Amino acid sequence: MEIAVVILNWNGVQLLEQFLPSIVQYSPEATIYIADNASTDDSISFVLANFPSVKIVKNDSNLGFADGYNEALKHIDAEIYALVNSDVEVTKNWLQPILKTFENEAETAIIQPKILDFKRKEYFEYAGAAGGFIDQYGYPYCRGRIFDTLEKDYGQYNDNCEIFWASGACFFIRSLVYKELKGFDADFFAHQEEIDLCWRATNKGYKIKYNSESVVYHVGGATLQQGNPKKTYLNFRNSLLMLTKNLPKDKLYWILFCRMILDGVAGLHFLSQGKFSHFLAILKAHGSFYKLFSSNLKKRNKFQTEKYYNTKSIVYSYYINSGKVFAK
């Protein structure tokens, strides 16, 4: 199958210097692209000088993760898109298990590899770990990562199984499905747009898989640090937008109401820690959500699957029942 490895870049020449060599070395099956979000550093000149086989697609401005990929992929023709963060190191034969799954499973539309921490390679990485799920209030979590607790990889997730969402850090999708779903939602800009896309794919009847035979290492937070208030703003706002678009109708308003209360608790928690900028980020997130609510309500599909629904609250399990790992 024809596969395009597409790396979104914005002023990331140092990351390209460090991580592009492994992708070029270990991806002989693929055509490699840099999707550049109007960088002002030496990213383009570095790639042209050192990796002439890598193709470059230039966006006119910084469109973020969501629309940055949407715009670039209009100019890339392949059966499979591999959307890879610029801070990901790949390993030998990382593409073969993914392509084999796509070839053998026609209903599988999206796949995620095992994502380990580049800095602590024996541990899972925050953004995706061993595949993503979602709780009844829309909080995403992973096998191998619950909130900020990361598990050590001792082979407990060496399987190939169905998951609810695949991480945007290393995200494989059939191009026809990407186009059918009209790509990522540009309203999100960045963060959780991949969960929204996976939920929409599930609503269409497609399967999302995790494949442990493919292994990559992710730095995480290389473009936006975990403690950045902007990340807090995007995560809280986009989570509410995602719920608005994808929850079954009979659960929509009740869960949104519960979630807003929980967001308020999170805001008070930030205040108690002296993190006033994060408290303001949640207020700003809710203000933006109210403005976008009506337009996103219109994006709902006719069919909203119940498949996502986990009757447990990951917040309760983690903070009250000490369920710090996926098995608990």
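Me: In what sense do strand β6 and β12 pair, and over how many bridges?
Reply: β6, which covers residues 108–117, pairs with β12 in the antiparallel sense, over two bridges. Keep in mind that this is a predicted model.

Me: Ok. Which residue in β12 is the bridge partner of Ile-110?
Reply: That's Ile-173 in β12.

Me: And what stands opposite Tyr-81 in β12?
Reply: Ile-173 again: Tyr-81 stands opposite Ile-173, and Ile-173 is also the bridge partner of Ile-110.

Me: How many bridges join β4 to β12, and do they run parallel or antiparallel?
Reply: Five bridges join them, and the two strands run antiparallel. β4 spans residues 80–84.

Me: How many residues of β12 are buried?
Reply: Five of its five, so the strand, residues 170–174, is mostly covered.

Me: Which residues sit on each side of β12?
Reply: Cys-170, Phe-172 and Arg-174 are on one side, with Phe-171 and Ile-173 on the other. Both faces are covered, and the residues named are all buried.

Me: Switching to the surface. Which residues make the nonpolar patch?
Reply: Leu-268, Leu-271, Phe-276, Leu-280 and Leu-283 make a nonpolar surface patch of about 470 Å².

Me: Which helices supply at least two residues each?
Reply: α8 (249–272) and α9 (276–297) each do that.

Me: Which one gives the most?
Reply: α9 does, with three residues.

Me: Where does Leu-268 lie, then?
Reply: Leu-268 is in helix α8.

Me: Why does Leu-268 count as exposed?
Reply: Because its relative accessibility is 55%, and exposed means over 50%.

Me: What about charge? Which residues form the negative surface patch?
Reply: Glu-2, Asp-77, Glu-79 and Glu-103 form that one.

Me: Which helix does Glu-103 lie in?
Reply: Glu-103 lies in α4, residues 96–104.

Me: Why is Lys-55 called partly exposed?
Reply: Because its relative accessible area is 43%. Buried would mean under 20% and exposed over 50%, and partly exposed is in between.

Me: How far apart are Lys-55 and Thr-31, in sequence and in space?
Reply: They're 24 residues apart in sequence, and 7.9 Å apart in space, going C-alpha to C-alpha.

Methods:
Residues numbered from 1 in each chain as written. Predicted model: local features only at pLDDT ≥ 70, side-chain atom pairs only at ≥ 80, totals over all residues. Heavy atoms only, no water. Patch = residues over 30% accessible without salt bridge, like charges linked within 9 Å, V, L, I, M, F, W, Y side chains within 5 Å. Areas by Shrake-Rupley, 256 points an atom, 1.4 Å probe, with all protein chains shown as cover. Salt bridge = Lys/Arg side-chain N within 4 Å of Asp/Glu carboxyl O. Lys, Arg positive; Asp, Glu negative; His and termini not counted. Charge placed at Lys NZ, Arg CZ, Asp CG, Glu CD. Helix = DSSP H or I, 4+ residues; strand = E, 2+ residues; numbered from the N terminus. Buried < 20%, exposed > 50% of the residue type's maximum accessible area, 1.4 Å probe, protein only. Pairing = 2+ DSSP bridges.
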